[in-house]
Amino acid sequence: MKLFGTLGLLVAFGVAAASPAWAETITVGAYPANPPWEYKTDSGAFEGFEVDVAKEVAKRLGVDVEFQDLGFQALFAATSSGRIDFAISSISVTQERLQNQAFTQPYYDSDGTIVGKTESPIHSLDDLKGKTIGVISGSTGEAFAKANGEKLGFAEVKSYNAQQDLLLEAQNGRIDGGAGELAGFQYAIKQMPALKILVRIPTGERFAMMTRKNHPLLAKANDAIGAMKTDGTLAAIHKKWFGVDPEPGTSTVTPGPIPQAQ
């Protein structure tokens, strides 16, 4: 983060900055092969749900924002060392991470889901008994099917190499539903009106902006995200990227505190 040269003197003498424009630019690291959260356009510009969130936070802080292309694992060292101010890339808040990192309040609940045709009779996990469910090889959906298929009474589990193949099979009625991660399905089915989210499966994962402990802008960034929830800005960003309003009670619409290590 680049600071005006006078800031150090102000802080040293305990003088509060009189203007919110005491920082010129914050740097946000992102792993850009992660749509719809963040990705690069052909021109090299960053776009995505979390890119919009970070831009709005910077706007409310009165600073500019620069995005830095980093590998996912590199984000953690970059925040800890101060190379970047914040990191985004569908990073889940966990107690293990909170021992060494800090997070804003979460802004997205990453749940599992079953996707299928809009007229499907499936409305709960109990309705999956006797049904054929598709999964993507190596995905969390496949892990869910392996762990729960027998208990829930799946008739068959079909595996696909690509999400698009699974969705086309569901759209054409060759499978009763597809199991996978909520955000990826919401993003994909925006262009497939014959499909909808049938069942949401809570996993407890929540995404937030990550930063180093004691970052001077953490509290202000957290307040900005809370205000974005209250005034509907985050809900609008959600609808832009996923084509639907966020569900009531989720972290996209419910303000919260800075997560604390236990």
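The legends below describe close-up views of one predicted protein model.

Local features are reported at pLDDT of at least 70 and side-chain atom pairs at pLDDT 80 or more, whereas totals for chains, interfaces and linings use all residues. Residues are numbered from 1 along each chain as its sequence is written, and side-chain values use heavy atoms, with hydrogens and water left out.

**View 1. The two domains of the protein chain.**
The domain assignment divides the protein chain into domain 1 (27–109 + 206–242) and domain 2 (112–201); such bounds come from an automatic or database domain assignment. Taken over C-alpha atoms, the centres of domain 1 and domain 2 are 29 Å apart. Domain 1 gives 9 residues to the contact and domain 2 gives 7 residues, where contact means heavy atoms within 4.5 Å.

**View 2. The interface of domain 1 and domain 2.**
About 670 Å² is buried between domain 1 and domain 2, 55% of it on carbon and sulfur atoms. Buried area is the accessible area (1.4 Å probe) that two parts lose on being put together, summed over both. The rule finds 5 residue pairs in polar contact across this interface, both residues being at pLDDT 80 or more. A polar contact is a pair of N or O atoms within 3.5 Å; within protein, one must be able to donate a hydrogen and the other to accept it, and residues adjacent in sequence count only if both atoms are side-chain atoms. On the side of domain 1 that touches domain 2, the elements giving two or more residues are β9 (108–117) and α9 (233–242). The largest share of that side, 4 residues, belongs to α9. Helices (H or I, at least four residues) and strands (E, at least two) are DSSP runs, numbered from the N terminus.

**View 3. The salt bridge of Arg60 and Asp231.**
By the salt-bridge rule, the count comes to 10. Arg60 and Asp231 form a salt bridge, with their closest N and O atoms 2.9 Å apart. This pair links distant parts of the chain, 171 residues apart: Arg60 is in helix α2 (residues 49–61), and Asp231 is in the loop between α8 (218–230) and α9.

**View 4. The cis peptide bond at Pro36.**
Pro35 and Pro36 are joined by a cis peptide bond, with omega of about 5°. Pro36 is found in the loop between β3 (33–34) and β4 (38–40).

**View 5. The backbone at Ser89.**
Although Ser89 is not a glycine, its phi is positive, at about 160°. The loop between β7 (86–88) and α4 (95–98) holds Ser89.

Conventions. Salt bridge = Lys/Arg side-chain N within 4 Å of Asp/Glu carboxyl O.
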